[in-house]
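Q: I've got this one open and would like to talk through the strands. Can you take me along them step by step?

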Amino acid sequence: MKFIRRLFVAFMLIYLLPALASAGWWYVKERPQSWREANWSSAGLLPKPAESPEAAVYILSATTGGMKGAVASHAWIVTKERGALAYTRYEKVGWGKPIRKNAYQADGRWYSNEPRIVMMIKGEGARHLIPKVEQAIADYPYSSPGTYRLWPGPNSNTFVAHVLRSVPELDAVLPPTAVGRDYLPEGKLFQIDADGRDLHATLYGLAGISAGWRSGLELHFMGLVAGFDVARPGIKIPALGRFGI
């Protein structure tokens, strides 16, 4: 019984309290009440393609809308070929076409929330990676209508996490607020990244562990992630995000 009580207290401290605190702050925060009221315009985060001719690959993320925004974010992929005059944006959403392409501006706000750059590669490295990214997008197993599930996945973050694991040269993981990122495609319970640097074990995204050079050590429970990084020192707090270098 003591062990169970201690486990319950640990769960409360690590997962529940941060989520409740974030939900309380989000509830009183001024925010759009619907997608119609939200600002979807460019945040001016990326350089204009004509002024930056080199190839580029970005992963962006922004807090999502509704009460989901208290604990969750939405991620997408942006690419640009060398000399291209426009970016290409890819993402998975629960409406419209399964994998949406250029539905929004490359660095557009998401439900009025400013995006941030999770990962950026430019130049020759990006030029070589774009075909791999596009192949990983094409290989995503949940690209047909009706294959989106808000929680625990597969959702928008499951899609981007699949690309990151398939192209480990991107060398990034989604933020801890990317609920759904730990859902492994095709019902897998265990997966090792293509370069062998990270491993993931999960019970359909509901509970599990990720460990390795990129992930550090993470424990996820019901979509909430707690953990720490070693390569880039930092801690990951459920619902609040990553704090560190």
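Q: How many bridges join strand 7 to strand 8, and do they run parallel or antiparallel?
A: This is a predicted model, and in it strand 7 (residues 198-202) and strand 8 (residues 207-212) run antiparallel, joined by five bridges. Within that pairing, histidine 200 stands opposite serine 210 in strand 8.

Q: Which residue takes a positive phi in the hairpin of those two?
A: That is tyrosine 204, with a phi near 55 degrees, in a hairpin that has four residues between strand 7 and strand 8.

Q: And what about strand 8 and strand 9, how many residues lie between them?
A: Three residues lie between strand 8 and strand 9, which form a hairpin; the two run antiparallel with six bridges, strand 9 covering residues 216-221, and alanine 207 stands opposite phenylalanine 221.

Q: Where does strand 9 go from there, and what stands opposite glutamate 218?
A: Strand 9 also pairs with strand 10 (residues 224-229), in the antiparallel sense and over five bridges, and there glutamate 218 stands opposite glycine 227 in strand 10.

Q: Zooming out, what is the strand order of the sheet?
A: The sheet is open, with seven strands in the order 6-7-8-9-10-11-12 and antiparallel pairing. From one strand to the next, the twist averages 10 degrees.

Q: Changing topic: which strands does helix 1 lie across?
A: Helix 1 (residues 2-28) lies across strand 9, strand 10 and strand 11 (234-237), and runs at about 115 degrees to strand 10.

Notes. Residues are numbered from 1 along each chain as its sequence is written. This is a predicted model: local features need pLDDT of at least 70, side-chain atom pairs count only at pLDDT 80 or more; totals for chains, interfaces and linings use all residues. Side-chain values use heavy atoms; hydrogens and water are left out. Two strands pair if DSSP finds at least two bridges between them. Axes are lines fitted to C-alpha atoms, for helices over the stretch in contact, and angles run from 0 to 180 degrees between N-to-C directions. Contact means heavy atoms within 4.5 Å.
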